[in-house]
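Q: I want to learn how to read aromatic contacts in a model. Please walk me through them.

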Amino acid sequence: MIINKNEIAGILTKLAEEYRVIAPVKKDGLVQYAAIKNGEEACLDYANTKKPGKEILFPQSEELFNYTVSAEGVRMQDNVDKEATIVFGMRPCDVKSLVLLDNVFKNDQYTDVYYLTRRANTLIVGLGCNEPASTCFCTSMACGPFAKEGSDIFLTDLGETYFIEGISDKGKELLAKLGLSAASEEQKAAAAKLQTETKADGSINIEGLAEKLGGMFEHPFWDSLHEKCLGCAACTYLCPTCHCFDIADEAKDCEGCRVRNWDACMFPLFTLHGSGHNPRPGGKARWRQRLMHKFNYFVERYNATACVGCGRCIKNCPVNLDIRQALAEVRALD
Amino acid sequence: MRNPYLPLPMKLVKNFTETSDKLIHTFTLEFLSQEDAENFKYAPGQFAEVMVYGKGEAPFGIASSPTEKGILKFSVAKVGVVSTALHMLEEGTIVGVRGPLGNSYPLEQLKGKSLTIIGGGFAFTTLRSTIQYILDPANRGDYGDLTVIYGARNPGLLLYKDELAAWDARPDINLITTIDREVEGWTGRVGFIPTVTKEVAPKSDYAIICGPPVMIKFTLPVLVECGFTPDRIIMSLENRMKCGIGMCGRCNVGSKYVCKDGPVFTKEQLDKLPNEY
């Protein structure tokens, strides 16, 4: 199917009457996800959002439930968000990260109702990348500028038009309702060419990397890797696959709520025990944890690398630490 | 879809000062409904998140045994915000409980086996659960000889003093209590756990050990000397946890989450994991 770019805003405005529509918008000098009412607000001409798409399903700060304590007992209200949502224009790396996060929020024993309810009620329109940034390395990470995994509908930018593909049943149903025109053979060919030929940095070979890291826990490699790191955790907050969180209660008098907030393994207090013992007392142990979690522990647990190559950790590191370089060094070790 | 983040309301029926330094209290909680009591199926070694409304929640090993119906017990040291708030609660207060969480001691697998249980200090809580479970008339016949070695810095810091006396009087448990240094009036053993374990030289099919890291470190070689192979030494880890359900990513040791895959591991399993606990 095909659609002229100048028709998008109208469709989004119409969809916003029925759904919560979330799209990248330019706000405070940054491109970030926000709920929109007017399709004109959507900004689809962007390399990637500052904060990752995970924030839509797993917000940086979220109230899980609230409670009131009285003589009669405790009244509790949980806040599961069930609103039907369309996310429009998410890059393939962020879409893929949601596929990875699904593993975390549903395990063999427990389901995270907050994440999974949003996930079930959200339709994702992915948007391919014609010009990956210099920090992008999705092609190395079982992803890619036109990877469709996780998208319900997928858009390919052909200049004046978007080539549109329905991927999941949910996506195809929505497209059927929109009554779009069919793409011409030339348009199909142009989209196929773009999708096949566009690549990001593919120089990191992850084949065998997990196994190699598995034998490297005590390797001297970790001694110096972290030395520049300030421990600011920007890399983990802006990572679309990092999912660590903290749980805290906020209360006044007899009313309170429980919130969860993003947290990060790069902070010293993250693993500090009540006894004062800290299993990861320094930067070395914390950097090792970050790299091992993504490229060894996650692989062992879920059979996938917890990195989609979005490059945010590289672009936003205040001391220019580059995870690609760390991985290249691991590969180069005997 | 059950929401694993919602705590179950329970009533604090007893807030008991356990140790002479007053730092450890044992809390007895009662289920508010019969249905909750029946649904909360746990096994010795598991833990739960205990919530003080308005302050937050913290994970504690369950000290009671499933054979003690309708209640849960937790022995808690006063170290942080939640535990301090818990210590100050009046009997009758409603608290929240999330659980049971984590795996447990493999009591099914241990049926028919003789056991040595070794505990140090405050870590004795889940071992109390195990011992009470085994000593219950309904279960005692399922297990062989039971030796318990339990040490604290001084007699006042031993937990569950009445129960220790009751166990000591029984013929079907060999209880050895020890303290670090001589104290007037103490008639039990004196010496650190590794030394006492060496003297006792227990011969059992399995050893269960729980205590401070330094105690574990020096006792493990003694257990190996006594002939316990790594698959027959069962330990319990205590990492910092929040969610308790394998999602918040805090308590991992290698690819394992202590909250969900543990806290109970054999030495054989731990030997394959990074030494980061």
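A: B:F124 is buried, at a relative accessible area of 0%. Buried means under 20% relative accessible area, exposed over 50%, partly exposed in between (1.4 Å probe, protein chains only). This is a predicted model: local features need pLDDT of at least 70, side-chain atom pairs pLDDT 80 or more, while totals for chains, interfaces and linings use all residues. Residues are numbered from 1 along each chain, chains are lettered from A, and side-chain values use heavy atoms, without hydrogens and water.

Q: How is a pair of aromatic rings described?

A: By the distance of the centres and the angle of the planes. Rings of Phe, Tyr and Trp (its six-membered ring) pair if their centres lie within 6.5 Å; planes under 30 degrees apart are stacked, over 60 edge-to-face, the rest tilted. The whole structure holds 18 aromatic pairs over all chains. In one of them, B:F31 and B:F40 have centres 5.4 Å apart and planes at 55°, so the pair is tilted. B:F31 is buried at 10%, and B:F40 at 7%. B:F124 and B:Y150 are stacked, 3.7 Å centre to centre with 10° between the planes.

Q: Which parts does the pair of B:F124 and B:Y150 tie together?

A: B:F124 lies in the loop between strand 7 (115-120) and helix 3 (125-135) of chain B, and B:Y150 in strand 8 (146-152), so the pair ties together parts 26 residues apart in sequence. Helices (H or I, at least four residues) and strands (E, at least two) are DSSP runs, numbered from the N terminus. B:Y150 is also buried, at 0%.
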